[in-house]
Amino acid sequence: MLFMKTKPDKLRVSLICGTVIGAVWAIPGLNLINCCCCAGVILGGVLAVYLYQQEFTEEMQPMESSDAVILGIMTGGVAAVSALVFNLLLMALFGDVAGEMARELAGSLIERLEESGSLPSEALDQLKEEFGRSVTQSRTFIGILADLFLNLIINPLFAMLGALIGFSMFKRKRIDNTQQPQA
Amino acid sequence: MDTSRRIYVFCLLAVALWCSLILLAPLSKLAGFPSAITSVLYGSFAHVCHQFPDRTLFLGREPLGVCARCTAIYFSFLVSMVFLLFRNLQRGIVPPRWVLLIAAVPMAVDVALSVAGIHTSTTETRLVTGILAGGVLPFYILPPFLEAVRQLTVHRGDAVHENQA
């Protein structure tokens, strides 16, 4: 084991994948992929493991599941911070585009519900009020900090789950070097 | 109880807590809890789900914390974890990857066709495809996770022993 090369650095892969997840999380429209159980973050974790796996050579110790866990957590952490940076950048450059999109989406949804008549009018009013409040709150300083706090918990967790799925999918079969070839 | 099983039970309780919070969101509203509590619950789940009311199951007249598809994924994940509890957790063996693909493809197709406007996904298709995908995930996530915890604790233990020496 002494002559084996050390494993590749996780930081580079986690920075790349974390930035990609952060961009997906922040860009309006593209962020809808996260609507299904943080699918974007999970796929980011899978991608991180895939890219990390590619950096291994024959002389290195094989990738272990603990590497996947650490890589996933690092990627998720980077994603949470980069999502905040992208959000602030987008707000500075284009104004509250995401908020407008969310308001439009909520409006059309409530309209659809009103037309179908599946909810009583008082429940619809309550929904309208809650949608409006949540969109407004998420654009305040406290709201942004709360978002960051939650993202720092949720993103590493879901990216770790993605990394573990990726590890199960991409792990190479271990070759036992201790076995001597039979004559 | 060995360490792996203890960690597994801890994970199981964490997932059970997550699932119960999904139910607690509407229950807290129905029970008349302060609006701050319900806002925190729904607001936290808003980070992981769109919560569109027309795609969400209702408890009474209040929507669950997450949509029907997410609810199916999380609850089938929990049920599979209970089933996995009775399997040998030490070996870290995962099923072949085609099983995961077969389980995940129907959900991906349902979402893709719905987004493309070719077929409208219904509550039934969301539930069935969600159950299928969520049901197999623990088989791919938990064995390597337990193995990872074992590796990390063993490595740390080695370091401690080296320092003591």
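B:Cys11 is in no disulfide, and the nearest cysteine sulfur, that of B:Cys19, is 13 Å away. B:Cys67 is likewise in no disulfide; here the nearest cysteine sulfur belongs to B:Cys49, 3.6 Å away. With 14% relative accessibility, B:Cys11 counts as buried, and B:Cys67 is buried with a relative accessible area of 3%. Buried means under 20% relative accessible area, exposed over 50%, and partly exposed in between, using a 1.4 Å probe and protein chains only.

## Basis of the values

This is a predicted model, in which local features need pLDDT of at least 70 and side-chain atom pairs count only at pLDDT 80 or more, whereas totals for chains, interfaces and linings use all residues. Residues are numbered from 1 along each chain as its sequence is written, chains are lettered from A and ligands numbered from 1 in the order in which they are written, and side-chain values use heavy atoms, with hydrogens and water left out.

## Helix 1 of chain A

Helix 1 of chain A (residues 10-26) has 17 residues and reaches 24 Å from its first C-alpha to its last, close to the 24 Å expected at 1.5 Å a residue. The expected span is 1.5 Å times one less than the number of residues. Helices (H or I, at least four residues) and strands (E, at least two) are DSSP runs, numbered from the N terminus.

The buried residues of helix 1 of chain A include A:Val13, A:Cys17, A:Ile21 and A:Trp25. The buried residues of this helix pack against helix 2 (39-54), helix 3 (65-94) and helix 6 (141-170) of chain A.

## Nonpolar cores

The largest nonpolar core has 48 residues, of which B:Val48, B:Val66, B:Tyr74, B:Met81 and B:Phe145 touch the most other members. Such a core is a set of buried Ala, Val, Leu, Ile, Met, Phe, Trp, Tyr and Cys residues joined through side-chain atoms within 4.5 Å. Helix 5 of chain B supplies the largest share of this core, ten residues.

Leaving aside neighbours within four places in sequence, B:Val66 is in contact (heavy atoms within 4.5 Å) with B:Ile22, B:Phe45, B:Val48, B:Cys49, B:Thr56, B:Thr71 and B:Tyr74. A second, separate core of twelve residues includes A:Cys17, A:Phe56, A:Met63 and A:Ala68.

## Salt bridges

Seven salt bridges are found over all chains, each a side-chain nitrogen of Lys or Arg within 4 Å of a carboxyl oxygen of Asp or Glu. A:Lys7 and A:Asp67 meet in one of them (2.8 Å, N to O). This pair links the segment before helix 1 of chain A, which holds A:Lys7, with helix 3 of chain A, which holds A:Asp67, 60 residues apart. A:Lys7 counts as partly exposed at 22% relative accessibility, whereas A:Asp67 counts as buried at 5%. A network of salt bridges links A:Lys7, A:Lys10, A:Glu64 and A:Asp67.

A:Glu55 and A:Arg12 also meet in a salt bridge (2.4 Å, N to O). In chain B, the side chains of B:Glu62 and B:Lys29 meet at 3.6 Å, N to O. B:Glu62 lies in strand 2 (residues 62-63) and B:Lys29 in helix 1 of chain B, so the pair ties together parts that are 33 residues apart in sequence. Both B:Glu62 and B:Lys29 are buried.

Note on methods. A disulfide is a pair of cysteine sulfur atoms within 2.5 Å.
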